[in-house]
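Here is a short tour to read with the structure open beside you. We will start inside the protein and then work along the chain.

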Amino acid sequence: MNSIISNPIFLVVIGTIGFAICAPVIGCLLAGLERKISARMQGRVGPSILQPYYDVRKLIEKDDVSVNGADGIYVSCALIFAFLAGGIFYSGQNLLLCVFVITLSVLFFIIAAYSTRSPYAEIGAHRETMQVMAYEPAVLLMAVGFYQATGTFNVGGVFFMNGPIVVPLIGVFIALAFVLTIKLRKSPFDLSYSHHGHQEIVKGITTEMSGKTLAQVEIMHWCETVLFLGWVGMFFVWGGPVFLLVGLACALVIWFLEIWIDNNFARVKWQSMLRWSWIVALVAGGINIAVLAFI
């Protein structure tokens, strides 16, 4: 019985089920709080914290209006892989595998946009592809740096450290924090899919998505937010479960900082996003990795 419980596959399955249940709830509340905080920053009252839930429930009740129906299948696959990536991470398993799986989720999302054959959606898919090219080096450096600092790719390895891994991986953390703005789809890097209605004549990569398909996209974004904040918190957790509160607090600080950036910076061109993401990743993250390799 103990061997079954400690089996990595069993832990991933349980973690995926738990993540699929909890992440949408937490992500929905974070999305509602984000709207509220953004409204306060802009001198408005803002909607209810539960407004994202009401929006998604309304989308689920609507019929899908799709060109060929394939986009809904691809989006469902993207959501499933987002659940799996979260399950891998929060069950303490392989971080590198988690990175690959969440990237696969994004690729299914891109294919969903291409399948609609809409010129507006295809432009959004092009931009989403550029965003993947921009942030992926920093994310991969995070996984490599994690292995150098802990000696394992398993996320649970942080609990055996004598201090937070942000200390030896400060450069990697800076690179991750920089591209986190892209991952969370915040301005100035929200090129493919903006939650600010005034920034798009059409809705970018989700232009042809509606009803249940668009609801799945929103739920996927909630899950991604919970996963990426978990990556941030991982840098500040060590020694035991009690330090999970430290990681949670630090993740929320970074999340608030992302909201502030989102409300204070205008969108940039994709060339600037790609250039600066690679510069920060290679300079901050690359040097950090090189230093650890020779220590």
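How many nonpolar, polar and charged residues does the lining of the largest cavity have, by class? The lining has four nonpolar, no polar and four charged residues. Please keep in mind that this is a predicted model.

**The cavity**

The count comes to one cavity of 30 Å³ or more, and the largest cavity has a volume of about 50 Å³. To find the cavity on screen, select V106, E128, Y135, I182, K183, R185, E224 and F228, which line it. Helix 6 (119-150), helix 7 and helix 8 are the elements that each give two or more residues to this lining.

**Aromatic rings**

A pair of aromatic rings is described by the distance of the centres and the angle of the planes. In this model, the count comes to 12 aromatic pairs. One to look at is F178 with F189: the ring centres are 5.7 Å apart and the planes stand at 55 degrees, so the pair is tilted. F178 sits in helix 7 (residues 170-183), while F189 belongs to the loop between helix 7 and helix 8, so the pair ties together parts that are 11 residues apart in sequence.

F189, with 8%, is buried, because buried means under 20% relative accessible area.

| Residue | Relative accessibility | Class |
|---|---|---|
| F189 | 8% | buried |
| G211 | 2% | buried |

Elsewhere, F19, F89 and Y90 form one aromatic cluster.

G211 lies in helix 8, which covers residues 211-234. With a relative accessibility of 2%, G211 counts as buried. Which residues does G211 touch, not counting those up to four places away in sequence? They are L59, K62, D63 and D64. The C-alpha atoms of G211 and I60 are separated by 5.6 Å, although these residues are 151 apart along the chain.

**Helix 2 and its end**

Finally, trace helix 2, which runs over residues 8-41. Just after helix 2 comes G43, which takes a positive phi of about 80 degrees.

Note on methods: Residues numbered from 1 in each chain as written. Predicted model: local features only at pLDDT ≥ 70, side-chain atom pairs only at ≥ 80, totals over all residues. Heavy atoms only, no water. Bend = angle between axes of the 7 residues up to and from the residue. Helix = DSSP H or I, 4+ residues; strand = E, 2+ residues; numbered from the N terminus. Buried < 20%, exposed > 50% of the residue type's maximum accessible area, 1.4 Å probe, protein only. Contact = heavy atoms within 4.5 Å. Phe/Tyr/Trp six-rings, centres within 6.5 Å; stacked < 30°, edge-to-face > 60°. 1 Å grid on protein atoms, 1.4 Å probe; cavity = no way out; pocket = protein on both sides within 12 Å on 5 of 7 lines; lining within 4 Å. Points joined across faces, edges and corners; volume = space filled by probe spheres on them. Nonpolar A, V, L, I, M, F, W, Y, C, P; charged D, E, K, R; others polar.
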